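Biologist: I would like to go through this model and ask what stands behind each label. Please give the value and the cut-off each time.

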Amino acid sequence: MLATQGYVVGIEISGSGTRQSVALADLDGNILYQLRRPLEYIPDTTTLLQLLEAMLGEVLDPEHLRDGRVLRVGVAVGGPVDASQGIVRTLYHAHGWDNFPLQDYLAERLNVPCIIDNNANAAALAEVLYGAGIGERVALYVGLGRGIGGGLIVNGRIYHGVTSTAGEIGHLLVMQNGPKCSCGGYGHLEAIASAQAIVRTMIGRAVEHPATLAAIQRLTEGRAERITVGQIFQLAAEGDEVARCLIDEVLTYLAFALANIVHLVNPGMIILGGSVALVGEPLIAPLRERLRALCLPAASQHLRIVQGKLGPQASLVGAVTLALQDL
Ligand SMILES: [Zn+2]
């Protein structure tokens with residue numbers, strides 16, 4: 001029998017340190033209380049686990065738990081996860097997390113059943129159950145952030161594949177002899193279309209184009225290395241040739257990857273999330289056009305490509321959603 005009273009906890013962790021979050025939610029998925037503590041750098045597992053425990057201590061204050069106890073804990077992890085075993089395979093940009101049994105560790109520490117998954121899978125589930133994709137039978141979530149992640153939701157459940165690597169679309173091969181990827185491979189989508197890749201390429205190319213470099217200096221008030229993908233789109237819209245060519249390339253390779261996925265899984269919706277998706281229509285409108293041109297009409301005529309609705313909250317809402325779905 002489903003409990004009608006109580007709470008779930010959602011936790012978001014990432015190795016880059018910017019996204020350590022804990023949320024307390026009711027059984028309808030409303031977040032009642034949430035904490036976010038960025039870390040500049042995560043030296044080891046102990047530091048992060050101690051930080052999490054301190055945050056959990058605050059969130060699980062008895063004052064917050066008047067309607068019962070915590071029934072489930074969900075965790076969205078910024079790295080590959082073996083979801084069937086509850087093991088973190090790695091946490092990007094952090095040390096000591098390889099094959100860490102986070103699910104059992106937290107369940108034991110908190111004395112509450114726990115479920116963990118990759119953050120893009122969690123965000124995908126959240127967008128389909130509570131965000132842009134409500135009611136979609138087959139939906140693909142694409143997280144375009146510092147890296148690129150993806151999650152495929154089929155009939156309201158995450159599709160994991162055999163060893164939980166389904167949806168790792170950042171490593172789709174889109175360019176022969178292309179730039180080096182975080183995984184060590186070459187020409188993968190993430191090495192071309194992630195926020196980090198776009199910014200890095202833009203700065204690299206601007207060095208040889210004084211007008212572009214001046215425009216970047218103006219936009220960033222002299223701190224070129226801080227340029228954002230949104231600002232690069234802005235430069236392109238203002239007619240800067242270097243930015244325009246770069247955006248065109250990014251759209252081309254992103255469209256190749258998405259068209260290949262569309263032909264394999266025939267989704268009804270592609271939901272774009274992550275910092276790059278905040279650009280909105282200047283990114284999404286040309287993608288729609290390219291996909292229409294690249295896909296079989298029967299595959300693309302009912303396909304919608306939309307921006308996620310949960311924004312930077314997607315992974316944390318996803319962690320809450322994992323917990324709720326596991327009840
Ligand atoms: Zn890769």
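Modeller: A search of the whole structure, which is a predicted model, finds 13 salt bridges.

Biologist: What makes Arg109 and Glu53 a salt bridge?

Modeller: The label requires a side-chain nitrogen of Lys or Arg within 4 Å of a carboxyl oxygen of Asp or Glu. For Arg109 and Glu53 the N to O value is 2.5 Å, so the pair meets the definition. Arg109 lies in helix H2 (residues 102-110) and Glu53 in helix H1, 56 residues apart, and the pair links distant parts of the chain.

Biologist: Why is Glu53 called partly exposed?

Modeller: Its relative accessibility is 31%. Buried means under 20% and exposed means over 50%, with partly exposed in between. Glu53 therefore counts as partly exposed.

Biologist: How do you know that Asp326 forms a salt bridge with Arg72?

Modeller: The closest N and O atoms of Asp326 and Arg72 are 2.9 Å apart, and the cut-off is 4 Å. This pair also links distant parts of the chain: Asp326 is in the segment after helix H11 (314-325), Arg72 is in strand E4, and 254 residues separate them.

Biologist: What makes Glu281 and Arg288 a salt bridge, and how accessible are Glu281 and Arg288?

Modeller: Their side chains meet at 2.9 Å, N to O, which is within 4 Å as the definition asks. Glu281 is at 44% relative accessibility and counts as partly exposed. Arg288, with a relative accessible area of 27%, is partly exposed.

Biologist: How far is Arg69 from Thr201 in space?

Modeller: The two are 50 Å apart, C-alpha to C-alpha, and 132 residues apart in sequence.

Biologist: Why does Asp26 have no salt bridge?

Modeller: The nearest side chain of opposite charge, Arg66, is 14 Å away, and a salt bridge needs its atoms within 4 Å, so Asp26 has none. Asp26 is buried and lies in strand E2 (residues 21-26). A polar atom of the Asp26 side chain lies 3.0 Å from the backbone nitrogen of Asn30. Not counting residues up to four places away in sequence, Asp26 touches Gly6, Tyr7, Val8, Leu32 and Leu324.

Biologist: How do you know that strand E9 (residues 148-154) and E10 pair?

Modeller: Pairing needs at least two bridges. E9 and E10 have two bridges, in the antiparallel sense, so they count as paired. Val154 stands opposite Arg157 in E10.

Biologist: What makes strand E10 (157-158) and strand E12 (304-307) edge strands?

Modeller: The five strands form an open sheet in the order E10-E9-E8-E11-E12, with mixed pairing. E10 and E12 each pair on one side only.

How values were computed. Residues numbered from 1 in each chain as written. Predicted model: local features only at pLDDT ≥ 70, side-chain atom pairs only at ≥ 80, totals over all residues. Heavy atoms only, no water. Helix = DSSP H or I, 4+ residues; strand = E, 2+ residues; numbered from the N terminus. Buried < 20%, exposed > 50% of the residue type's maximum accessible area, 1.4 Å probe, protein only. Lys, Arg positive; Asp, Glu negative; His and termini not counted. Polar contact = N/O pair within 3.5 Å; in protein donor to acceptor, adjacent residues only side chain to side chain. Contact = heavy atoms within 4.5 Å.
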